[in-house]
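User: I'd like to learn how to read the features of a model like this one. Could you take me through them?

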Amino acid sequence: MFKNLLQIGLITILVSGCVRYVPRPIDPPALEQSFRTRSISDPNLEGFFSANSPVKPAVWPPQSLDLEGLTILALYFSPDLDQARSRVEEAEAAIRTARTKPNPSTAGGAGYTDAEQSPYAFRFDLGVPFETAGKRQYRVRRAQQLTEAARFSLGEAAWHVRSRLRSVLIDHLISSLEFQQRT
């Protein structure tokens, strides 16, 4: 019974370390198609808009939008925010990684020598890492600080999206006024 449990435990330990990387290649035509199909009639956009807007439109899609409504639309479709969110998720994963204890390691090998006593050379190494002086706590604290910085970066990216939208909206309104004055 003990032998079976030992075998099951050993197999479980060996198999649990096998993580396969699954590549997900970028498909440019699919990305272009998803970009071209973006519209204000997106059903998920309506929920995002109603959750983030203080003023709920009577009909969807709304007939006109102010700066705040356009900002919500820009935040929904912005790839810059997607990148910033992924950096926050990456930093949060780094916290979980920093909390783990380092695993012991083993190494072995065989070889051949010219020695007269034994022409074969075998070795087996066992490495058990010890962390002292609060190294893990320092790693965790650093990962938490980097996560906080990534969150600030997310807010900064949202602010940049809003400021670019505001600048473009001002340019549009000024050019519309100039066009009306010419005609």
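User: Which residues form a nonpolar patch on the surface?

Analyst: In general, patches are made of residues with over 30% relative accessible area and no salt bridge, joining like charges within 9 Å and nonpolar side chains (Val, Leu, Ile, Met, Phe, Trp, Tyr) within 5 Å. A salt bridge puts a side-chain nitrogen of Lys or Arg within 4 Å of a carboxyl oxygen of Asp or Glu. Accessible areas come from the Shrake-Rupley method with a 1.4 Å probe, and for residues only the protein chains shown count as cover. Here the nonpolar patch is formed by Phe 124, Leu 126, Val 128 and Phe 130, which together have about 510 Å² of accessible area. This is a predicted model, where local features need pLDDT of at least 70, side-chain atom pairs count only at pLDDT 80 or more, and totals for chains, interfaces and linings use all residues. Residues are numbered from 1 along each chain as its sequence is written, and side-chain values use heavy atoms, leaving out hydrogens and water.

User: Where does Phe 124 lie, and is Phe 124 buried or exposed?

Analyst: Buried means under 20% relative accessible area, exposed over 50%, and partly exposed in between (1.4 Å probe, protein chains only). Helices (H or I, at least four residues) and strands (E, at least two) are DSSP runs, numbered from the N terminus. Phe 124 lies in strand S2, residues 120–127, and is exposed, with a relative accessible area of 62%.

User: What pattern does the protein chain follow along the sequence?

Analyst: The pattern is α-α-α-α-α-β-β-α, with 6 helices and 2 strands. The chain is more spread out than a compact globule, because its radius of gyration is 29 Å, well over the 16 Å that the globule rule gives for 183 residues. That radius is taken over C-alpha atoms, and the rule is 2.2 Å times the number of residues to the power 0.38. The C-alpha atoms fill a box of roughly 105 × 45 × 40 Å along the principal axes, and buried residues make up 13% of the chain.

User: Which residues does Pro 102 touch?

Analyst: Contact means heavy atoms within 4.5 Å. Leaving aside residues up to four places away in sequence, Pro 102 touches Pro 129 and Glu 131. Pro 102 sits in the loop between helix H5 (79–99) and strand S1 (105–112).

User: Which peptide bond is cis?

Analyst: The bond from Trp 60 to Pro 61 is cis, with omega near -5°. Pro 61 is in the loop between helix H3 (43–52) and helix H4 (67–77).
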